Amino acid sequence: MAKENLREIPPEESTISRKTRYAFLVAVVFIFSSVINFVISLRLSISTQTVASYLDTFTILILGVFAVISTQMIRKGQKDKGIWLLLISIATALAFRNFFIAGLGILFSILAVTLFPFIGFLLKRNQFNRSLSLSIGAGSFYLISDVLVSRFFSPYRLAAENAESIIRTLTVTTIIIVIAYGYTIYRQHRSLLLSSKLTLAMVSVVLVPIIGLSLAGSVSLKNSLIPRQNDALRVKSTLIAQSIESLISMNKSALRSETQSPTITEYMALYTQNGREAVGNNLEEQVLESLRSYKRKDILFIKSYAILDISGKNIFDTTLKNIGNDESDTAYFTQALESRLPFASDIINTRDVNEFSLYYSAPIFLNNGEIAGVLRAQYSPKILRESINNYLEVEGFNKDEVFVALLSERKVKQIDAEDPPSVFIVLANGKDPELNFMSVTPLTTNVITPLQMDRILPVGSTAQLSLDVPGLDEGLRNKNATPIFEAQAFPRANTETTALDIVAVAEIEENNLPWSIILSQKLENYNAPFLQQNETSIILAILIAIGAVITAYAGSKYLVDPIITLANAANQVAQGDLNKRAMITTEDEVGDLGIAFNTMTSQLNLLITTLEERIAERTQTLERSEEQLRAAVQVGKAAASLRNVDELLKNATELIGQQFGFYHAGIFLIDDYGEYARLTAANSEGGHRMLAREHKLKVGAEGIVGYVTSTGEARIALDVGRDAAYFDNPDLPKTRSEMALPLIAGGKILGALDIQSTESQAFSEADIASLQVLADQIAIAIENAHLFEESRRSLAAAQRAYGEQSQLGWQELLHQKENYGYRSAPDGSIFPLDKNTEDESFDADVEEKDLLLDEEGRKVAIPIMVRGETVGTIRLKKENSAASWREKDLDLAKNMTEELSRAMDSARLFDETKQQADRERVVGEISDKMRETMNVESVIRLAADELYKLLGLEQVTIHLNPDEEQRNEKSV
């Protein structure tokens, strides 16, 4: 043994030395990585000038200092302490960095669960699980803290966009470490302890499904929430577009009705026929007053009302300076004449500088159907913004959360490749009036000049009239394919180039108006429901994972500890301690191995141990068996208690009443004659009174219970119509609706479940489908209880019969010998019992007691009981110099006597079976011999001879009697 130990020492020393070198190398690597990260973080701090970046730089500096200290400790021989200092320093530094910089939670979590165990390989084997626990705890903490900090302290963190260099560096580092960790696991799995292997396996089996389910749940949640939010945005934008359409349609209809004014019609008829000179001043005043009254209906937004003659000349206008203007080249004049319908124009700049207006026009028809002119209304574009704001106020939208704008798409001529094919111009919005009449599309010189000449855009440069809204122009051009997209809906003060809003587009369904509504919401608000639920799911998954990991760790410890204990016991036995026994804590294969080990040790120790020690060991085994038996009896009692039909039905009715809130729930069971359904259980006070008077209903005749128990079909009754009579029950006066369900098991109707409610029409056909399942379960439970009771009765009868048969067998066995027993001598020899030397009076008293102890306490007699009957006595006597019997020794003797009674009964049954087999064999042999002899006389002789030999008889007589007729002839 010594030589083997000497051979094992050098490899162990070599391993320790190699791990120390590797630990020193790892610490040095972390010093260099800290320097590199410090430089990157310092450059980022200088460029961003944020407090979070400076704190991150300081954290890396502290990590580098602790890495240097850890290196010195490893160098001085304190390897494990140095490694733990390094691990704790890394874990703490990652926790602080996770707080300071956004977007690192997942990376740090992956880094923790791979880096910490990777370094943990350098520790002692029994400390690997600690590093694994640290990795799981730290990784979970990083994920949870990332979620919480993002929700509550987001403004204090450095944005992920500003820390791309750090994220890229950490991503590459994490990938390298994951690969190295996997390779190390593959190479070092043989050197890991079994507990570490089990922990790794369990953690992998637990974490992989949880991560998969979490990702699948996140994707599913996003796929379910995003379409609903998109639909909500689309509906809102469509409603706003419809409100604009309604405004345009309403103004056009109003204008059409105004053209039919008799005053205007009469004036235009005279004007057309004879000119203005033929029209009287009085009629002109009436026309002008009509136009003024039209303007006064919305004085805030209507700028002017005018009448244009058939040539486009302004002959009447509430704004006097416009009279005489030639408006024949305008779209609202030409389109009204061509279409002969009311017309709404796009917003254009009037002749006054930078004054935009919206025009409505309608042709003026004479009585003969000819067009005499056009009635034109000039509106301020503010009416559109007012319409948008009114809608937002009615719907209760917060202007800070949503942005609504009315856009107009104007086609332009492309001269250069960078010129857009069209320009989207903001006509009105609900946020900032200064954004109106500015272009969403980046303008070029070739585009802005024609638009300004056509009075579509105001005076200004391309930079002044172009809005900085990244992604909006591109999204609007693809609005037919993707009506909802991400972009910036309005300019921000910062220089963000990423999408900040979710935008929904709805077109205005109005001829000749290329208008569309955009409704935008901030992406952070849009994604808030998804992020909140996703964060909750992530936290829940992390907590479940933590619990699962803890359970896995505890489970591996539970599985491995018995093996370690058994190995330690085996080592102690191998060193000569034969009294060492393995502790058996399980009943699985490890427990079987421990039992086999203990058995082997016991057999080895049997040659050098005393009888008392062997009895004590057997006593422990018996006590363990007794405990298992008591546990089995308790489980059997618990199972039997669940078969009580009355308790089952009572609990069922109370549960139905509690869960469903019904006024009354009762269970009827059909009697043995199948004539009446008796109320067996109920939960209401009225039901209890009915139980007290043994309430019953005739099957097939009384109430819906009688109908259900007769037909086996569920039925609902209401307090109206032909079922109203069923509710005339003084014990249940509040019943307004009732439902009865059949209790059917094995195709047999056992009774009915009666449920009553105080509400009218409380039950429907759907209730039958759902509650019938409950009724079926109750029926099956009742049937099982009945079957259990029948089985119990049959088993009891069989046991009684077997007990009586056993008693007869023992009586026959005891009568074969006058004195059946043995005794031991002081030298250990065993010989038959001598009756004359025994104290029969002492034995006689035993039959009246379980155990008899003499006055001196050294002689004890214990009855041998077989199936409740005393078949003998075991007497135990100590020497006069020995101490009296102790309670522990008496319990051991009683347990041994019980085992003796079982063994004796088994031996008796074996002897009886053997004797019966011998008898059957001899009878078979005699029968075969008699069949071989064909002569009657020879058969008789053979039978007499075999019976004489077999039974040891003194005489055998076989006599054949003649029949009655032969006896009569012989007498004659």
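## Charges over rings

A charge sits over a ring when NZ of Lys or CZ of Arg is within 6 Å of the ring centre and within 35 degrees of the ring normal. Lys 696 does this with Tyr 676, its charged end lying 4.2 Å from the ring centre.

## What you're looking at

This is a predicted model, so local features need pLDDT of at least 70 and side-chain atom pairs count only at pLDDT 80 or more, while totals for chains, interfaces and linings use all residues. Residues are numbered from 1 along each chain as its sequence is written, and side-chain values use heavy atoms, with hydrogens and water left out.

The protein has 26 helices and 22 strands (DSSP runs numbered from the N terminus: H or I of at least four residues for helices, E of at least two for strands). Of its 972 residues, 39% count as buried, meaning under 20% relative accessible area, with exposed being over 50% and partly exposed in between (1.4 Å probe, protein chains only). The accessible surface comes to about 56,000 Å², and 55% of that belongs to carbon and sulfur atoms (Shrake-Rupley method, 1.4 Å probe; for residues, only the protein chains shown count as cover).

## Aromatic pairs

There are 9 aromatic pairs in the structure. Rings of Phe, Tyr and Trp (its six-membered ring) pair if their centres lie within 6.5 Å; planes under 30 degrees apart are stacked, over 60 edge-to-face, and the rest tilted. Tyr 267 and Tyr 271 make a stacked pair, 6.0 Å centre to centre with 20° between the planes. They sit 4 residues apart in helix H8 (residues 262-274), so about one helical turn separates them. Tyr 267 is buried at 0% relative accessibility, and Tyr 271 is buried too, at 17%.

Tyr 294 and Tyr 305 form a tilted pair: 5.5 Å centre to centre, 55° between planes. Tyr 294 belongs to helix H9 (residues 281-296) and Tyr 305 to strand E1 (residues 302-309), so this pair ties together parts 11 residues apart in sequence. Tyr 294 is buried at 15%, as is Tyr 305 at 1%. Elsewhere, Phe 96, Phe 99 and Phe 100 make up one aromatic cluster.

## A buried lysine

Lys 79 is in helix H3 (residues 79-100) and counts as buried at 11% relative accessibility. Leaving aside residues up to four places away in sequence, Lys 79 touches several residues, including Lys 19, Met 73, Leu 122 and Lys 124 (contact means heavy atoms within 4.5 Å).
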